[in-house]
Amino acid sequence: MADDFEAPHWETDVLVIGGGLAGTWATIAAAREGARVILADKGYCGTSGVTATAGPGHWWVPPEHREAAVADRLKRSLGLGDPDWMARILDLTWTSLPQLSRHYAFSTDEQGRVQYRGLRGPEYMRAMRAFALEAGATILDHHPVLELLTNADGVVTGAAGVALRGERPWTIRAGAVVLATGGCAFASRLLGSATNTGDGLLMGVEAGADLSGMEFSNYYTPMQAGTNMARSMSFAFARWFDEADHELDIPAGPDVSPHLARALLKGRLYCRLDRIPQDIREVMPQVQPNFVRPFARMGIDAYAERFEVSLVSEGTVRGVGGLRIDGQLCQTAAPGLFAAGDAASRELVTGAISGGGAVNSSWALSSGQWAGQGAAAFARGRRRAGERLHHLGQAGLRPTGRLAGVDLPAAVQLVREEMGAYDRNIFRTGEALAASGEKLDEAWREIAAHAGGWGRGLLRARETAAMVAAARWSKASAVQRRESRGMHRREDAPGLDPRLASRQRAQGLDRVVTRFEAASPENTSLEAVA
Amino acid sequence: MIEVVIDDRCGGCGDCVDVCPSDVLARGPGGKAVIARQADCQTCYLCELYCPEDALFVWPQTDSVADVTAQQALATGDVGGFRRDSGWDEHAATHTNQHWRMGAIFERARLMAIDAAKTARTEDGRTK
Ligand SMILES: Cc1cc2nc3c(=O)[nH]c(=O)nc-3n(C[C@H](O)[C@H](O)[C@H](O)COP(=O)(O)OP(=O)(O)OC[C@H]3O[C@@H](n4cnc5c(N)ncnc54)[C@H](O)[C@@H]3O)c2cc1C
Ligand code: SF4
Ligand code: SF4
């Protein structure tokens with residue numbers, strides 16, 4: 001593929017991979033530093049990724065309340081957060097959002113105050129695209145990246161991929177690279193997540209980066225069964241019922257999903273939204289225009305009738321884990337490679353709980369800008385003419401054995417099942433996690449040995465490899481964290497273990513290795529190989 | 001999934017083909033949009049938002065094709081509804097963006113839940 005001499009070849013200072021919230025902010029920040037920037041997205045920068053279908057409310061806190069906000073968040077991070085990083089993203093969010101005013105029509109409230117905190121997804125990402133183009137960036141839509149390139153010293157020097165139109169391979173030589181490929185939804189069909197298959201995690205690890213917090217990859221959201229509409233606002237008013245229409249005693253609040261999961265393990269689950277006040281019903285279509293579509297189209301009166309619900313697994317999207325950040329400018333452990341948004345671990349700002357609802361979008365906006373600045377500076381400081389480029393992609397691209405028909409849909413289904421099943425992924429036990437890990441290892445071996453292809457087929461093979469890899473890192477990390485902390489809930493080890501109040505790294509391709517960071521001397525003895 | 005391109009509405013601008021994040025749509029004979037890779041559709045509704053002619057219709061079900069016809073789509077009364085409620089293009093004046101109310105709505109839900117819990121406790125107290 002990428003060895004093809006005919007392949008189009010571009011050269012730039014900074015290459016940003018992924019054009020969601022983090023990638024576009026990275027692009028703008030790098031361009032402001034004077035770098036030439038190319039942004040490549042698997043889909044279309046402006047519609048793809050989970051930002052475009054959501055409505056991110058940011059961590060928008062006036063200066064006088066920031067100290068208290070950080071203190072509260074730090075407590076809830078359960079020992080894994082970092083107050084300095086929290087303060088940094090609060091500051092940068094506050095100064096960044098108003099800069100969008102030329103491209104996003106911010107609303108004003110009844111008192112005439114401009115409302116910056118929350119932006120509606122499609123309009124936000126349309127604005128970010130315009131902002132990035134205005135900054136002088138080149139955007140390549142429908143150009144999925146398949147692998148990273150390095151020079152002889154192992155410094156990341158570009159990437160290669162395939163253009164979906166015409167199914168042509170291409171390469172880009174770059175002074176530095178930002179991975180902003182989003183989280184991994186493990187093929188759950190979560191709203192907006194189809195292109196978020198964990199590609200950045202696999203590419204990063206191949207280049208020598210490592211991951212952190214992969215055990216925290218099991219966030220679930222209720223939605224109307226059979227759809228993908230994981231917008232949670234209305235469900236904050238919900239009453240829940242079993243099939244016989246008995247109301248279930250499920251308290252409203254942020255931890256509703258485990259209760260719903262227990263109910264779903266017993267049978268069908270239904271919901272009534274009849275408590276939503278009339279004035280909110282009236283304005284709902286203009287608050288969340290996508291939320292009301294399934295009801296309007298299927299002829300359901302959501303405020304009067306009960307409707308069936310299920311939980312969708314969000315994986316690392318509103319989970320936590322991703323590429324480990326190794327410096328103030330969002331460097332990874334691989335030289336020349338930076339990470340931002342949901343592709344990076346968000347433990348620094350969220351700890352062991354989800355950052356959905358405020359922190360994640362502020363993280364994407366902030367980490368994006370730091371990664372963009374860092375990449376621009378790195379590219380400036382590097383001489384790179386005439387370097388020989390090494391292609392790093394392995395599983396899914398370059399089989400170690402004979403290229404043969406691998407049942408990719410079956411592997412995707414396996415990932416979906418092992419990373420989605422309520423009884424295994426919400427309520428965890430060491431035994432079940434290890435069993436999942438073994439099945440995923442087997443799928444990995446098969447893909448690494450035989451999967452590959454051409455054009456779109458090659459993309460599918462690579463995405464499948466990435467999802468299987470991310471699932472293996474997640475299971476291995478969950479096996480080693482023998483306690484319950486935040487969203488990681490071990491039925492066989494309830495409660496916090498104070499010795500495990502530290503972040504856990506993961507890496508390795510054929511053999512997955514995890515290791516707790518040494519927060520205190522006793523933690524070093526927990527170094528583990530999974 | 002995307003189910004329908006209403007052929008006599010499509011003006012062939014190609015916008016939906018460009019913006020689809022899953023590259024599901026293509027330009028067919030005469031430049032009009034056609035559904036080329038339906039199985040890849042991720043039910044994001046965003047093609048509808050970008051179609052100035054309201055020629056596209058997405059059915060909410062994600063995991064299988066529902067075989068909706070153009071007639072059935074129109075009968076739902078919601079063709080173009082997403083673009084209208086979003087206040088895009090000609091709807092800007094009548095359908096303003098009220099998304100900023102989300103924070104206050106969440107807060108209402110939280111206060112209602114606290115109230116409900118209080119009421120439940122008092123009722124408990126009475127029966128005991
Ligand atoms: C329903 C929902 C509601 C949410 N609400 C909130 C909220 O209110 N507040 C909050 O703080 N957070 C919220 N979040 C989380 C927040 O949306 C995310 O943290 C944030 O949008 C992440 O941005 P991102 O750029 O990292 O990822 P994304 O926006 O997902 O972008 C990733 C991009 O990378 C591209 N890509 C992937 N692989 C490749 C590849 N191989 N080559 C090229 N491109 C690739 C994708 O196509 C995509 O465009 C919500 C999430 C969901 C799902
Ligand atoms: S709903 Fe989304 S994925 Fe499906 S065709 Fe429309 S834009 Fe493409
Ligand atoms: S956006 Fe609408 S009018 Fe334009 S090509 Fe697509 S369906 Fe036709």
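Ala, Val, Leu, Ile, Met, Phe, Trp, Tyr, Cys and Pro count here as nonpolar, Asp, Glu, Lys and Arg as charged, and the others, Gly among them, as polar. With that convention in hand, the surroundings of two ligands in this predicted model can be described.

The shell around ligand 2 consists of nine nonpolar and two polar residues, with no charged residue among them. Several cysteines face this ligand, including Cys20(B), Cys41(B), Cys44(B) and Cys47(B).

Ligand 3, for its part, sits in the largest cavity. Its shell divides into seven nonpolar, three polar and one charged residue. Among the residues around ligand 3 are Cys10(B), Cys13(B), Cys16(B) and Cys51(B), together with Gly11(B), Gly12(B) and Gly14(B). Ala33(B), Glu53(B), Ala55(B) and Leu56(B) are likewise found around this ligand.

Turning to chain A, one finds an open, antiparallel sheet of four strands in the order β10-β13-β12-β11. Its edges are formed by β10 (220-224) and β11 (239-242) of chain A, each of which pairs on one side only. On average, and ignoring direction, neighbouring strands of the sheet are turned by 45 degrees against each other. Helix α7 (residues 256-266) of chain A packs on this sheet, where it touches β10, β11, β12 (269-272) and β13 of chain A. The direction of this helix makes about 115 degrees with that of β13(A).

Strands of a sheet pair through backbone hydrogen bonds. Between β10(A) and strand β13 (residues 307-313) of chain A, the antiparallel pairing runs over five bridges. Within β13(A), Leu311(A) is the bridge partner of Pro222(A).

Definitions and conventions: Residues numbered from 1 in each chain as written. Chains lettered and ligands numbered in written order. Predicted model: local features only at pLDDT ≥ 70, side-chain atom pairs only at ≥ 80, totals over all residues. Heavy atoms only, no water. Near = heavy atom within 4 Å. Pairing = 2+ DSSP bridges. Helix = DSSP H or I, 4+ residues; strand = E, 2+ residues; numbered from the N terminus. Axes fitted to C-alpha atoms, helices over the stretch in contact; angles between N-to-C directions. Contact = heavy atoms within 4.5 Å. 1 Å grid on protein atoms, 1.4 Å probe; cavity = no way out; pocket = protein on both sides within 12 Å on 5 of 7 lines; lining within 4 Å. Sits in = over half its atoms within 2 Å of the grid points.
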